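Trainee: I have a model open and I'd like to learn how to read its interfaces. Can you walk me through it?

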Amino acid sequence: MLRRTLFTVAAVMVAFMLICGCIGTTGPETEKQQLRIATTTSLDDTKLLNHLSTIFEEQYNAEVLVVSAGTGIALEYGQRGDVDVLMVHDRVREDVFLADGYGINRRVFAYNYFILAGPESDPAGIKGMKPEEAFATIREKGMAGESGVAFVSRGDASGTHAKEKAIWKGAGFDYATEIQGSGDWYLEAGKGMGETLTMSNEKQAYVLSDIGTYLAYKGDLDLVTLVDEGDILLNVYCAMQINPAKYPDINSEIAKDWVNFMITDEVQEEIASFGVAQYGQPLFYAAQDDWEKIGVPQTEVKDPIP
Amino acid sequence: MYEIIEGFIEAGRLIITLDPDVMTIAARSIIVSFIATITATLISVPLGAAINFGTFPGRKGLINLIQTLYSLPTVIVGLLIFLLISRVGPFGFMRLLFTPTAMIVAQTVLVLPIMTGLTISALSGVDPVIRDTLHSLGATRLQFLINVMKEARFAILATVAVGFGRAISEVGAAILVGGNIMASSFMRSTRVLTTAISLETSMGNIPKSIALGIILLTIALGVNLAITMVQHR
């Protein structure tokens, strides 16, 4: 008797799964185009991408699948042809990626600034310093073993990690030999921006973050902004297509639609106003009219892909 | 402390009100791991029987290897499957990466060793008297197999429960080949209980993490109760 019951239960479950499978594979949804995006964590953690993809899905009858990873992993996914679009923030590696022919049609849609956050007590005394100077001071105090001075790095080859390395270089240090593994003061999280902020908060350590993720997480953090001025802190976000010449069966039409969508007036306004009501200040600035300020060619912010 | 209590209260609310977000993730977890376990059972039971009753050189070594793979790290399985199904990999043309199917494949591979190993144990644990009796009664090879399997059915059922438990509780492979995607359609998303817990915790949404954790444990409990009920019938 019991066995029969079990059989019935199993049968019902299998039927249920088949139905789910059918719903998933047939019906109106198959007509929807799928767009796969690999993104830097900051765009996802702040929910900006979620907000924009909802609008896009309605306008283009498409389904947006977002894989959130650091810029480094996102570029790797792109290079392997596992996604249709990249949304990243590391000009240097983007340029290499484009030059190698993996990516095409880069468009810059937003920017903001990195900040150096840390405990309110500011044990290294860096408040108000220039970024490079602040970094050098943290290292000096950290190496001297001053209590409470620690720095949490993303350590995941992300865009933020790349920026951090650039600042160390600007401060006159060789990252691999003088920073990495130089002492207990320097910790590599190997995680996304949100997780790294949470970790820094637990350890009451200094951390470099994009302002967007920092504001989105601020409610749960005891960390305060200590350094937020300096040209080196500029953070520029772009979207680009994966080259269909490398991967012919990639979904390049919808990818093109997405990249163009990002630089439309409508979306640029959405970006500029996103989060203002909740955080009292924008998380991102629209790139549209500020191309000179952020040092990118006008074509990359204005001209839709033909 | 307050955070934990608050978490449990919120968790209770999310579960009682059948929060659609939480329920969808739980359902997806069950479906993915259930299919993976069934697939693994269909492979591991015949394979286990073949190894247990078979006589071939290297049989002992093979069993040792299988037992070693019990502790196969989930991220290694994830990495392996990722490399195989990524676009530039040998099965890239199937475009499986970042789909629930990819997670099913990874979980199947993950639980195969432990299920095969435990099936071998289950079959070798069958009373030798029964085997001798079957032989002396002149059972054909097929009849013999069917009857021994029947004898070992509870132990095999326990094997299935162990496999399901390992499948639904792993996070390493699911996040690597699934990508933790939350899309608008149910079967295109790849967010399951474990990957969601990892994400929500990192985002500081502790109550939701606790709710998801409780559901995960409840599912495990349910499966175990069902198995125990059958065994003690």
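This is a predicted model: local features need pLDDT of at least 70, side-chain atom pairs count only at pLDDT 80 or more; totals for chains, interfaces and linings use all residues.

Trainee: How many salt bridges does the rule find across the interface of chain B and chain A?

Mentor: It finds 2. Polar contacts are a separate tally: 10 residue pairs across the interface of chain B and chain A, both partners at pLDDT 80 or more.

Trainee: Which elements of chain B give two or more residues to the side that touches chain A?

Mentor: Those are helix 2 (20-53), helix 4 (74-85) and helix 11 (206-231) of chain B. Helix 2 of chain B has the largest share, with 4 residues. By class, the side of chain B that touches chain A holds 16 nonpolar, 7 polar and 5 charged residues.

Trainee: And how much area do chain B and chain A bury between them?

Mentor: About 2,900 Å², and 56% of that lies on carbon and sulfur atoms. As for who takes part, the contact draws 28 residues from chain B and 31 residues from chain A.

Trainee: What are the confidence scores here?

Mentor: The model scores ipTM 0.80 and pTM 0.84. For chain B, the mean pLDDT is 92, with 100% of its residues at 70 or more.

Trainee: Now for a contact inside one chain. How is chain A divided?

Mentor: Into domain 1 (34-111 + 236-302) and domain 2 (113-233). Notice that domain 1 of chain A is written as two segments. The centres of the two domains of chain A, taken over C-alpha atoms, are 26 Å apart. Their contact involves 18 residues from domain 1 of chain A and 19 residues from domain 2 of chain A.

Trainee: What do domain 1 and domain 2 of chain A bury between them?

Mentor: About 1,300 Å², 58% of it on carbon and sulfur atoms. The salt-bridge count between these two domains is 0, while 5 residue pairs are in polar contact, both at pLDDT 80 or more.

Trainee: Which helices supply at least two residues of the domain 1 side?

Mentor: Helix 2 (41-45) and helix 4 (71-79) of chain A. The largest share, 3 residues, comes from helix 2 of chain A. That side of domain 1 of chain A has 6 nonpolar, 8 polar and 4 charged residues.

Terms used
Residues are numbered from 1 along each chain as its sequence is written. Chains are lettered from A and ligands numbered from 1 in the order in which they are written. Side-chain values use heavy atoms; hydrogens and water are left out. Domain bounds come from an automatic or database domain assignment. Contact means heavy atoms within 4.5 Å. Buried area is the accessible area (1.4 Å probe) that two parts lose on being put together, summed over both. A salt bridge is a side-chain nitrogen of Lys or Arg within 4 Å of a carboxyl oxygen of Asp or Glu. A polar contact is a pair of N or O atoms within 3.5 Å; within protein, one must be able to donate a hydrogen and the other to accept it, and residues adjacent in sequence count only if both atoms are side-chain atoms. Ala, Val, Leu, Ile, Met, Phe, Trp, Tyr, Cys and Pro count as nonpolar, Asp, Glu, Lys and Arg as charged, and the others, Gly among them, as polar. pLDDT is the predictor's confidence in each residue, from 0 to 100.
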